[in-house]
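I opened my notebook to look up a few charged side chains and some strand pairing. Here is what I went through, entry by entry.

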Amino acid sequence: MIIIMKPNADETAINHIVATIENKGLIAHLSKGAEVTIIGVIGDKTKLLDANLEIAPGVDRVVAVTESYKLSNRKFHPDNSIVSVGNTVVGPNNLTIMAGPCAIENEEQLMQTAIAVKKAGANVLRGGAYKPRTSPYSFQGLEEYGLKLMDQARKETGLSIVCEVTSHRAIEAAVKYVDMLQIGARNMQNFELLKEAGKSGVPVLLKRGIAATIDEWLNAAEYIIAEGNNNVVLCERGIRTYETATRNTLDMSAVPVIKSKSHLPIIVDPSHATGVRDYVAPLAKGAIATGADGLMIEVHPCPECALSDGPQSLTFEQFEQLCNELKPYANLAGRIF
Ligand code: PEP
Ligand code: MN
């Protein structure tokens, strides 16, 4: 349930509603927009049946939120959310480019990549230190040493950094170094991990699960926000379908659907969605047209030598060319890049 206040509702009216909700043992979440304040009720709303909130001073209307996700719901927060990640901002006015290697492999590989993607126009450096690999025998990541290298890359380039976390232990280490935690597709419904990421207060990039519906994805975001961490950015990275020509099937419709259902920013990862380098550029352009707030692109100094995801990684030259090609698309979409 949400209570939409009248544009002229004063503090006393707002505080009265919040107190009424809290006195019933429920949680009130305030969302102050430019014009109106919206108060979201979390908990058993039947306890408010006799509260007559519709006729309380300053109340415009009371709206039932039928979806199970509330705080990530656009009904609760009509304006687009803006999420700060280090010194960059993800939101409706920008096209945020997160780029870097699939896995951090060594100092030279990471520093060269950081410098190259920064030069081409990226805002955020990505790189995995804890790799959720399909096979336990594949390269598993450099763990905390990898995080230290990311920190060093940030200091040298000024890029913000995002790293995937796969466990409570990884979160504890990562919060010391990163600007944003990434929850990967395989962990999208690891609810304990989502709660820990929420408690950390660090911005979270939440990738869509391999076979997750949009409803399940927004409920996963809800787990993070319910811990008091509003800084969530969604990432569409392809879903599993019957099609085998690409690694996954990029669900382009997810962008406008998310935009209608939620206020959270959404970026698109055409690298993991396709698994094929040649398909990254056309889908990156398409993503901008659908309204995506940014892109995540894998880049490697030598894709054929990469310890993971080489076939989908762009070379430095290809990434620079892509960024140049994306500029007119960003312009058309009214986004700064
Ligand atoms: C990644 O970004 O490195 C990754 C493993 O992606 P996903 O979780 O989307 O598979
Ligand atoms: Mn990868």
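**Entry: a salt-bridge network**

I began with D151 and R154, whose side chains meet in a salt bridge with N to O at 2.7 Å. I count a salt bridge when a side-chain nitrogen of Lys or Arg is within 4 Å of a carboxyl oxygen of Asp or Glu. The model is predicted, so I kept to its limits: local features need pLDDT of at least 70, side-chain atom pairs count only at pLDDT 80 or more, and totals for chains, interfaces and linings use all residues. Side-chain values use heavy atoms, leaving out hydrogens and water, residues are numbered from 1 along each chain as its sequence is written, and chains are lettered from A and ligands numbered from 1 in the order in which they are written.

D151 and R154 are 3 residues apart in helix 3 (residues 144-157), which means about one helical turn separates them. I take helices (H or I, at least four residues) and strands (E, at least two) as DSSP runs, numbered from the N terminus.

Next I checked accessibility, where buried means under 20% relative accessible area, exposed over 50%, and partly exposed in between (1.4 Å probe, protein chains only). D151 is buried at 13%, while R154 is partly exposed at 22%.

I then found that R154 also forms a salt bridge with D179, with the closest N and O atoms 2.8 Å apart. R154 lies in helix 3 and D179 in the loop between helix 4 (168-174) and strand 10 (180-183), so this pair ties together parts 25 residues apart in sequence. D179 is buried, with a relative accessible area of 14%. I noted that D151, R154, K155 and D179 are linked in a network of salt bridges.

**Entry: another salt bridge**

How many salt bridges does the rule give? I got a count of 19.

I looked up D50 with K24, where the closest N and O atoms are 3.3 Å apart. This pair links distant parts of the chain, 26 residues apart: D50 is in the loop between strand 3 and strand 4, and K24 in the loop between helix 1 (11-23) and strand 2. D50 is exposed, at 56% relative accessible area, whereas K24 is partly exposed at 28%.

**Entry: R74, an arginine with no salt bridge**

I found R74 in the loop between strand 4 (59-63) and strand 5 (83-85). R74 is buried yet has no salt bridge, and the nearest side chain of opposite charge, D79, is 6.5 Å away. For charge, I count Lys and Arg as positive and Asp and Glu as negative, leaving out His and the chain ends.

What lies 2.6 Å from a polar atom of the R74 side chain? I found the backbone oxygen of K259 there.

I also listed contacts (heavy atoms within 4.5 Å). Not counting residues up to four places away in sequence, R74 touches D79, N80, K259, S260, K261, S262 and H263.

I call two strands paired if DSSP finds at least two bridges between them.

Strand 1 (residues 2-5) pairs with strand 3 in the antiparallel sense over 3 bridges, and I3 has I39 as its bridge partner. Strand 2 (residues 27-32) is antiparallel to strand 3 too, over 6 bridges. A28 stands opposite V41, and a hairpin joins strand 2 to strand 3 through 4 residues.

Methods: A polar contact is a pair of N or O atoms within 3.5 Å; within protein, one must be able to donate a hydrogen and the other to accept it, and residues adjacent in sequence count only if both atoms are side-chain atoms.
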